[in-house]
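Please look through this note with the model open beside you.

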Amino acid sequence: MTNESRAVLRTIEPGNSAICPVCDQQVKFQARTQGKQIICNVYENGTWQRVEQYHLACYDEAQEPYGAPAT
Ligand SMILES: [Zn+2]
């Protein structure tokens, strides 16, 4: 395995307070809609840098900067 940035599709957890870097809005848990989010582990030069959390629609809009999400 190489240390490359990757994205996964996840259900938004209650209490999540991450800010989506695309729209600058909180990635909020919504009980009714079972919201989905994209969680990205971002690596630069093979070294882990950070986790970014996106709304599913925003990640699409940004044209999947870290590749197609794994489920
Ligand atoms: Zn967003």
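Where is the place of Q30? Q30 sits in the loop between strand 1 and strand 2. The points below start with the basis of the model and then return to this loop.

1. **Basis.** This is a predicted model: local features need pLDDT of at least 70, side-chain atom pairs count only at pLDDT 80 or more, and totals for chains, interfaces and linings use all residues. Residues are numbered from 1 along each chain as its sequence is written.

2. **Overall plan.** The protein chain has 1 helix and 3 strands. Helices (H or I, at least four residues) and strands (E, at least two) are DSSP runs, numbered from the N terminus. Along the sequence the pattern reads β-β-β-α. The radius of gyration of the protein chain is 12 Å, close to the 11 Å from the globule rule for 71 residues, so the chain is as compact as a globular protein of that length. That radius is taken over C-alpha atoms, and the globule rule is 2.2 Å times the number of residues to the power 0.38. The C-alpha trace spans about 40 × 25 × 25 Å along its principal axes.

3. The 3 strands form an open sheet in the order 1-2-3, with antiparallel pairing. Strand 1 and strand 3 are the edge strands, and each pairs on one side only. Neighbouring strands of this sheet are turned by 20 degrees against each other on average, direction ignored. Here axes are lines fitted to C-alpha atoms, for helices over the stretch in contact, and angles run from 0 to 180 degrees between N-to-C directions.

4. **Strand 1 with strand 2.** Strand 1 (residues 6-11) pairs with strand 2 in the antiparallel sense over 6 bridges. Two strands count as paired if DSSP finds at least two bridges between them. L9 stands opposite I38 in strand 2.

5. **Strand 2 with strand 3.** Strand 2 (residues 36-44) and strand 3 (residues 47-55) are antiparallel too, over 8 bridges. Follow the partners in strand 3: Q37 bridges to H55, N41 to V51, and E44 to T47. The two strands form a hairpin with 2 residues between them. N45, in the turn, has a positive phi of about 50 degrees.

6. **The core.** Which residues make up the largest nonpolar core? They are A7, I12, C20, V27, I38, I39, C40, Y54, Y59 and Y66, 10 residues in all. Strand 2 gives the largest share of this core, 3 residues. A nonpolar core is a set of buried Ala, Val, Leu, Ile, Met, Phe, Trp, Tyr and Cys residues joined through C-beta atoms within 7 Å. A residue is buried if 20 or more other C-beta atoms lie within 10 Å of its own, exposed if 12 or fewer, and partly exposed in between, with C-beta atoms placed from the backbone. Buried residues make up 21% of the 71 residues in the chain.

7. **Contacts.** Two residues are in contact if their C-beta atoms, placed from the backbone, lie within 7 Å. Of the contacts with a separation of 6 or more, 59% join residues 24 or more positions apart. Now take Y66, a core member. Leaving aside neighbours within four places in sequence, Y66 is in contact with S5, R6, A7, C40 and V42.

8. **E52.** Is E52 buried or exposed? E52 lies in strand 3 and is buried, because 20 other C-beta atoms lie within 10 Å. E52 touches P21, C40 and V42, not counting residues up to four places away in sequence. E52 and C40 are 12 residues apart in sequence and 5.1 Å apart in space, C-alpha to C-alpha.

9. **Back to the loop.** Q30 counts as exposed because it has 9 C-beta neighbours inside 10 Å. Q30 and Q53 are 23 residues apart in sequence and 16 Å apart in space, C-alpha to C-alpha. D24 is also found in the loop between strand 1 and strand 2. D24 is exposed, with 8 other C-beta atoms within 10 Å. Phi of D24 is near 65 degrees, a positive value in a residue other than glycine.

10. **After the helix.** E64 lies in the segment after helix 1 (56-61). Phi of E64 is near 45 degrees, again positive in a residue other than glycine. E64 counts as partly exposed, because it has 14 C-beta neighbours inside 10 Å.
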